[in-house]
Each structure stands twice: as C-alpha cells, then as structure tokens.
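Here is a short report on one model. It starts with a strand, then turns to a helix, a loop residue and a pocket.

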Amino acid sequence: MILYLHPENPEVRKLKQISERLKDGAVYIFPTDTVYAIVADAHSKLGVEKIYTIRKLSKDKPLSLMCKDISMASNFIEYLPNSAYRLMKRVTPGPFTFVLKANKNLPKPSVAHHRDRQIGIRIPDHIYLSELLKIHDSPLTSTSAFCDDEFIIDIDDLETIYGNQVEGIIDGGIVKTELSTIVQINDDSIGLIREGKGYELIFSEISNT
C-alpha cells in the first residue's frame with residue numbers, strides 16, 4: 001500500500017500510526033537521502049526478521065541502524081573518538097554510514113547475527129525519516145530496497161515488488177540511485193570504505209583533521 005505524507009510538514013498523526021505499527025513488528029519502505037530503504041524497529045525481532053526474509057539476505061549480512069542524531073547513536077557505540085564525534089557533528093544528518101564497534105546496548109535483534117559486533121550508523125537527512133525518528137524515539141534497522149541486482153527507485157515498482165510484503169510504502173517520488181558514503185571508525189583512525197553521495201565533503205573533513 002502506497003502512503004502519502006506532506007513533503008514539508010509530514011502529518012504527525014500518520015507518523016504516530018506508523019511508529020506504533022513498527023513497534024508491533026511491521027515493516028515499511030521509506031525514501032532516504034540516498035535510495036529507498038526497508039525499515040523496521042531495531043528492537044523488534046519480528047520486524048528485523050521480516051527484512052531478512054523480504055530481501056532474501058543471509059543472516060550474517062549486517063543491517064544499518066538509523067538514528068535521529070548523534071546522541072541516540074552514541075547509546076549503541078562502544079567508543080566514539082573525539083575526532084569521529086567532531087566529524088559526525090559537522091556532516092550529519094547526511095548521506096553517510098559510519099561503521100563502528102557496537103556496545104552491549106545495541107538492540108539484540110539487530111546484532112544477533114553479527115560476529116564482530118560492527119554496526120553501520122545512519123543519521124539520514126530526509127524529512128520523513130527525521131520526523132518519524134523524533135516521534136518513534138528509537139532506532140530503526142534498515143537496508144536498501146534492492147531486487148534483481150538493481151535499486152528500486154520508482155514508487156510503482158516498489159508497490160509491485162514489495163506491496164504485499166510490507167505494511168506501507170511512503171511515496172517519495174523517483175529517487176536517484178546514490179549510495180551512502182561509508183566511513184570506518186576505529187579507536188585511532190578514520191577511513192573510507194566506499195565513496196558515495198557526499199564523498200567530497202567527507203574527504204575534505206578527513207584531510208583537514
């Protein structure tokens with residue numbers, strides 16, 4: 001089912017309904033600042049398992065954790081160096097995935113199959129997700145909407161492929177196929193894993209540290 005939100009002032013009532021359904025294990029598809037993403041409540045075992053089933057992913061395939069801000073993300077990170085904090089503060093929200101070591105607070109359904117307890121943190125710059133995360137006040141587990149070796153960028157195609165597998169698909173129009181830039185953060189270093197959207201900004205920030 002395709003759902004519509006106001007592009008500038010998403011309806012709080014609708015977002016609250018989505019939040020409650022997510023807590024109950026529902027899965028939705030949202031547009032992000034990169035591609036469309038399949039999302040579930042990170043604490044919901046049912047929701048996370050649905051993502052693996054829908055995408056036909058191996059259980060050892062890591063999923064990203066979407067947070068509303070650095071403060072929320074820090075609750076699930078074992079150690080965040082000052083240099084990494086400053087970088088994240090300057091560039092988020094934005095199209096970046098930060099790979100860090102997770103602590104014991106990470107929702108078990110979202111890390112149960114991760115052998116090294118590494119987690120990708122996203123703080124997306126999209127009004128629908130930003131407003132939802134303010135209301136939901138809990139991280140979301142996510143992965144990109146991807147089928148037959150390509151990203152699904154058209155709302156009608158999303159409905160055809162996933163319509164009977166998810167609770168709802170939020171209409172964000174046709175999105176560009178732009179992947180997030182992936183940044184690896186270790187105890188004493190920051191490095192690039194994948195160049196994607198916003199790469200130039202990250203490269204500039206890292207070069208100046």
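Strands here are DSSP runs of E with at least two residues, and helices are runs of H or I with at least four, numbered from the N terminus.

This is a predicted model: local features need pLDDT of at least 70, side-chain atom pairs count only at pLDDT 80 or more, and totals for chains, interfaces and linings use all residues. Residues are numbered from 1 along each chain as its sequence is written, and side-chain values use heavy atoms, without hydrogens and water.

**Strand pairing**

Two strands pair if DSSP finds at least two bridges between them.

| Pair | Sense | Bridges | Opposite residues |
|---|---|---|---|
| β5 and β11 | parallel | 4 bridges | V99 and Q184 |
| β5 and β6 | antiparallel | 5 bridges | K101 and Q118 |

**Helix α4**

Helix α4 spans residues 82–91, with A84, L87, M88 and V91 buried. Seen down the axis, these buried residues fall within an arc of 95 degrees (taken from the directions from the helix axis to the C-beta atoms), so they line one face of the helix. On the other side, N82 and K89 are exposed (over 50% relative accessible area). The buried residues of α4 pack against β5, along with α3 (70–74), β11 (181–185), β12 and α8 (199–207).

**Loop residue I123**

I123 sits in the loop between β6 and α6 (127–136). Its relative accessibility is 3%, so I123 counts as buried. Contact means heavy atoms within 4.5 Å. Leaving out residues up to four places away in sequence, I123 touches C67, K68, D69, I70, M88, T92, P93, G94 and F96.

**Largest pocket**

A pocket is an open set of points on a 1 Å grid over the protein atoms alone, where a 1.4 Å probe fits, with protein on both sides within 12 Å along at least five of seven lines; lining residues have an atom within 4 Å of a point. The largest pocket holds about 680 Å³ of space. P62, S64, T97, I182 and R194 are the closest to its centre among 31 lining residues. The largest share, 4 residues, comes from β6. By type, the lining divides into 13 nonpolar, 11 polar and 7 charged residues.

Conventions. Grid points are joined across faces, edges and corners, and a volume is the space filled by probe spheres set on the points. Ala, Val, Leu, Ile, Met, Phe, Trp, Tyr, Cys and Pro count as nonpolar, Asp, Glu, Lys and Arg as charged, and the others, Gly among them, as polar. Buried means under 20% relative accessible area, exposed over 50%, partly exposed in between (1.4 Å probe, protein chains only).
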